[in-house]
Amino acid sequence: DLTEVVAILIIPFLSKIDFFSGIDQADLFEENKYQSQFEMDALQKAMILKKTMVEDKIILADILKVILKGATKSSSLSQPLTRDLLRRIFAHYGERDLLKDDVFIDEMIEAAAVGESNPVLDVDTFIRALTHDIKLYDVTNESRFQTHYEDVFGLRTDEKEKESSNMERNDAEIKEYDLAKTQVNRTVNRMFTFSQIDFLADTFSSRSQYMFAWLAVVISYIAYVFGTEGIAQIQVCPEEKRGNFGCQIGRSIVIWFAVMASTIFLIAPSVMVLNLGNNVYHHSMIEIMVGIIGIIILVILPSIIEFDWKVITTTDIEDAEYVSEIFDVVILTIGCILLFMQISNIVRFVVPDSNLTKSKALTILLRGSSVRSEFGTKQASVFKVHQMVKNAYDLHKTEPNKEMIESGEENVDALLNFTKVTDKRETCGGFVWAWKMFLSSRLIENEGVWLHTKLLAGNLAQIVITTALAIVFVIIGNLVAEIVLAEAEDGAFSAALFQNPNCDSSFDIENCYFPQSNDTSTGIALCSGIFLPNSTCSDDLVTASGGTYEEFCKIFQDAVDELPAPASFYFAENECPSLTMPFPNVMSSFAEGSSEEAYCASPLSACTIPYDTGDGLYFDICMLGFSYKNPFPFQFEGELCSNFTQMDLLLEKKAENAAIAAQYWPPKKWMFDLSTAVGIACVFLVGVSTISSTIPSMIITTLKFRSGEIASLRDPYFKKYRQDLLKTSFLLGAAIWGSIISSGIVFCVAYLIAFLLSFEVTRSYILSFVSLLIGITVTLIVKIIVSKFLTKYSFVGFYRKRPLVANIASLCFECWHLALTSSYIILRVVKLFFIIIVYVGRFDTPMLARGVGEIGAVKLDAFPFIFKQDLLAIDAHRHPYIERLGMMYMMKLKHGDKFAKKTGSIWRLLFVYALFPWLRQYRILNNENDELQDGDNLELFELDGDGDGVETPLCKNPIATDVEVNMSLFRVEIAALNNKIKRLKEVNKNLKHRR
């Protein structure tokens, strides 16, 4: 029931009108009158806000005229306040439930009259009627630096100080206020919810402590994942069966269950311990001290002391000491920051919150960022409600800044004005505007947008990870350059030729065949009868499989006719035999007659299955010329090779290749440095784009939901957002791993492209591809120019003004596009590839359109949906209107029937009816046959006068059953409808004349 919701939201607004209407402004700011400087600031802000609005009494007077004219056809403000007048008002606004309740009507009159014998419904009486039951609301709460809960139940102090800070009121108000204060309030106990880890509603004290606690855990976990084998060491099968598919499935299941157990039972308790003391309301020195001990043990000591347990290790990452040092420095810094925050919690524990309010600096420093944000939402609720009232009031005018119109009883002009502006939206900015709002206080104090701390923690982690990865990539780039240049200088094959001398074999050059292609050597040899004297070397042989096996077989089969005698046996049925290859050590084969001084040798590439002769291993057929470590042919080394005429063509081609390679190999050091620099630059560009876009995306998406730009409550799809809120826990991991994977892919792609462009061997191929792109681009530019000209010459919108030219042009373009579209498709693939690389770290922006990639309940790209779900979840808890409603409910919970009585609620409901006539369509009237359904809007409840705990709706009454009353009401409604039709006809006639 939106009418009742709005009636609750305007309680503080009406309370301020009542409060300031009888206060002398000069008397408000007497020196030493208030205990807290914040209360003085609150008054000043309230007075400034009051000056910016239309005069409050004018609003109430005009709205009262609307009520009276609708009910009595007269807008006179001197009409007696009687039962008959209230019945007419109830009948006019359709509140049939209240027409026959004379006792309640008398209570409403008494509340407005305050003892007057013949009350008149004027502005002063109307103010008393609207505010008589909300005197306990303190208008300075809106500008106090404290939470809504503390506004109602007080700070961590005694009641005397809080009572001494209440504003002075006029005599009538003091009497009623003191009477209410003397009654006993209900005792309310706050439940323990472990708010330190409340990741959904952000009810902890310090956002910074929360974010740095998560950052410490995340960095430690990343270091553990990349620095150790950890859980990957788990095995579930004996060694001889580990290659079985069933064993691999079992191992995978066990590993991922181990991941679940380690994260739940190690990471989750760590986050809890690091966040101890991060509580707005609960203060415990023991809790804070446990948190300090946790920081020392979990964060600081691991970055200083090395230990290696089965589950946890802090030893340096192997072969990456520099990276380990980076991790240690970052984690130690975070630990010191967390330690400082816990010291601040100790100070906050020692100093009562009520004393902090006397110092603005201490309050901002020690109360916590969440309190600052909740303070901002109070400002936003004030701003929004005042703006809502002002906008609604302006709709009752013919023009802005004019007097109230004399409308009919149904506010026809207000409804027409509302219809005109229904689809209007306030224009907001984009990226820069969002950042300006975030960096200033306007985002929270004007718009009331509460940014979810979990997403901010992910954003902070992305900043740290991107910076750390840039340093890691610099180290990797330099390492790659050192390895390649070192191998090029030493010779990769020469270093591997003698690394396994115990497994050297021998071959007879007379039993070798050197395949050729186009009268040129292929750089390999196929030899038979190779002998390896050490039988134990079979351990260094593995069975060739997959693509390697197929390539070897193709080479063997192409040369089968030229192979020595044993080949006819192996290829008798044109099938490739089983092959083995040296792995992981390279095996070399030396020509017969070789010595240490003069030799001819080549690595074994692949061989048939050997058989043991007793003296060693014998291979019927082997391929020589390259190894798995250096997969390039022509690897025949030694002076003795030149003595064999069979190898003349091979050595000649090798010398030719060596001469060509010497011009380009090895790559220059600057090529690696340039590639690394380009990769780092691209990583930073993508990282900065991702990081800087998250906060604007959060802000703008939230505002789109609020304004209806993104459909919400009326959209059937919206129901899916309310299901399975635990999915929102994906977002922190998505931010972290998305940043890591995106940075890694971007660096590799950028590094590779830069290296291929700078390396002479590949530069020509890249330039050929670039020239192709340039040719396509020029053609597309010509096509666009011609298309623009022909479209302007032949078309007007969807229609042809020169059909002949348009038809011929359409046919020509159809034929042209038949060939040109192939280039478009290639470009589309390239563009999508780069877009995916850039956006893989963005969980806030969908890469697939709505409905695309959804197979039933399964979404192929679910993160953008989860992102919106998370924004809706935090807005459902932290929207300024939700916060204000919660405060009103807490006031009712504390004060019971001393606050927000039924009489005042009905008076405020009438005010809402008149000021917001379009809300009547959302009014839910009582029906004795209706039952409260799941999802229905709940009402504000009050206790019965005896305080026995029986709750009744604040604005509900049994339905009137008197036939005469109902018939008279129907006649009133029919007359009202006839008047409305007449008025609409007049308005329509006037509109026609205006045209």
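Here is a short chat about how some words get used for this structure.

Trainee: Before we start, what kind of model is this?

Mentor: It's a predicted model, where local features need pLDDT of at least 70, side-chain atom pairs count only at pLDDT 80 or more, and totals for chains, interfaces and linings use all residues. Residues are numbered from 1 along each chain as its sequence is written, and side-chain values use heavy atoms, with hydrogens and water left out.

Trainee: Why is K378 called buried?

Mentor: Buried means under 20% relative accessible area, exposed over 50%, and partly exposed in between (1.4 Å probe, protein chains only). K378 has 3%, so it counts as buried.

Trainee: What is K378 in contact with?

Mentor: Contact means heavy atoms within 4.5 Å. Leaving aside neighbours within four places in sequence, the partners of K378 are N141, E142, R144, Q146, T147, H148 and D151.

Trainee: What makes a group of residues a nonpolar core?

Mentor: It's a set of buried Ala, Val, Leu, Ile, Met, Phe, Trp, Tyr and Cys residues joined through side-chain atoms within 4.5 Å. The largest one here has 71 residues, and L451 and I736 have the most contacts inside it. Another core, of 52 residues, lies apart from it and includes A71 and F126.

Trainee: How do you know that strands β1 and β8 pair?

Mentor: Strands (E, at least two residues) are DSSP runs, as are helices (H or I, at least four), numbered from the N terminus. Two strands pair if DSSP finds at least two bridges between them. β1 (residues 505-507) and β8 have 3 bridges, in the parallel sense, with S505 opposite S589. β8 also pairs with β9 (residues 601-608) over 3 bridges, in the antiparallel sense.
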